[in-house]
Amino acid sequence: MSRPALPPPDTCDQARRSRDPRFDGLFFTAVHSTRIYCRPVCPAPYAKRVSYYANAAAAEAAGYRPCLRCRPELSPSDGTWRRGDAAIARALTLIDQGALADAPLSRLAARVGLGERQLRRLFVERLGAPPVGVHGTRRLLFAKQLLTETALPVTEVAMAAGFGSLRRFNAAFQDAYRMPPLDLRRQPGVAARADGDTLTLRLGYRPPYDFAAMLDFLRGRALPGVERVDDAAYARVIAGPDGAHGWLRVSPWPGEHALRLELHAVPAARLLDVVQRLRRMFDLDADPQVIADALSADPRLRPLLALRPGLRLPSGWDGFEIAVRAVLGQQVSVAAARTLATRLSQRFGERLPEPFGDGLEHLFPTPESLAGADLEPIGLTRARAATVRGVAAALLDGRVDFRPEHGLDEFVARWVALPGIGPWTAQYIAMRALGHPDAFPAGDLVLRKALADGGTAPTEKATAARAERWRPWRAYAVIHLWKDSMRGTT
């Protein structure tokens, strides 16, 4: 990536003096006198003797503890490091998914095609902490958020954060933060809340963030019964173990650069997975300035970036759901694809014993339910029905998957090897199932028309050639051009 892991010291100085939220998560300030590290937006009094660290793990590796006032666990991650095909980006994504929770570092290194020593050295050089340190900090900061914002019992907090036992969690927390977990809840300003089976968490982002545009995109594709989008929030049903399903709602957090996540009947063991899915789905770790710097050199994109500086890349909740919907959307309008997907989900999705509020009634179908399903009666052509069944079968037998250790080219190659899946579909799946920042469906007709500038739409080859200058953020260019193509329409 073009930006270094840590901004220049004078930039850090200015950002922390002005409490600039655009730098939240891009560096942390370690105060020498207190041995505490803070976010750039921390309202604590100004300190003279400080050091800067690129991430929380590096600050903790140097012996600093997280600030209880600004709460580093709420800062967005540095998306410049966590996105794309570089080994460190793929390793960080795997760590976020718990790859080091029950497997050694050697296995993680093998999954990203590196030796164990090489991966450790890369992390220390680029991030200031080894992979195990990044994993440990991530677990403890999530536990800290749960202790601060919820009334979950400590045992459930330990489980949610990925610790194998309460004893190990207590020991790790005490060692890192110099206090037992329960003492955190006794600190001034900590107000853990209990509201039945509902948990409420903050999901921080780096401004600007165009949440209204995100909702607009999701609203046009929302499946009745599975998800609901209104003017203020997104909600959906999520599958749980043994039929104990739950639902979630995402809305703005008033007065903060954060979204409000409400979780209903979601077991503690699933919390971290749910949060990570939503951070990807709503693109909460993006760095808008880095993306704008890369794309604004193109005169077609420059005014679009200025018009919507907070536009993000909308991903999806589940990879299989996005893949099926991509197939249904081949060469048809968004509305037509949504109609087919609605029929499919109503016919083959598991119905809830009792609907949740406001019409959340069933789940999206699983690969098992569609691999042998008769899909033609709901309006699919024979060829498209065969492709949907083929995608389900390929996921079940492992020919394709959504694992982040694959680079974009390998991911696309696996998918286009399936009958009925072409480059457009594979790239669209990469963009919306993986949230891959450089995915680029060059053959998309709307995209090509948006680049016509009043003339003839460029060919797929010409579109791909022009987009080379947009790497590694081509997917963001697509979203901006798609959004621009909708201006003046209803």
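Reply: Arg22 is partly exposed, with a relative accessible area of 45%; on this scale buried means under 20%, exposed over 50%, and partly exposed in between, for a 1.4 Å probe and protein chains only. The model is predicted, so local features need pLDDT of at least 70 and side-chain atom pairs count only at pLDDT 80 or more, whereas totals for chains, interfaces and linings use all residues. Residues are numbered from 1 along each chain as its sequence is written, and side-chain values use heavy atoms, with hydrogens and water left out.

The partner of Arg22 is Asp20, and the closest N and O atoms of this salt bridge are 2.7 Å apart. A salt bridge here requires a side-chain nitrogen of Lys or Arg within 4 Å of a carboxyl oxygen of Asp or Glu. Asp20 has a relative accessibility of 12% and counts as buried.

A second pair, Arg121 and Glu125, meets at 3.4 Å, N to O. These two residues lie four apart in helix α6 (residues 116-127), and are therefore separated by about one helical turn; helices are DSSP runs of H or I with at least four residues, numbered from the N terminus. Arg121 is partly exposed at 46%, while Glu125 is exposed at 53%.

Glu227 is buried at 9% relative accessibility, and Arg236 is buried at 3%.

Salt bridges also link Arg71, Glu73, Lys144, Glu149, Arg202 and Glu256 in a network. The structure holds 38 salt bridges.
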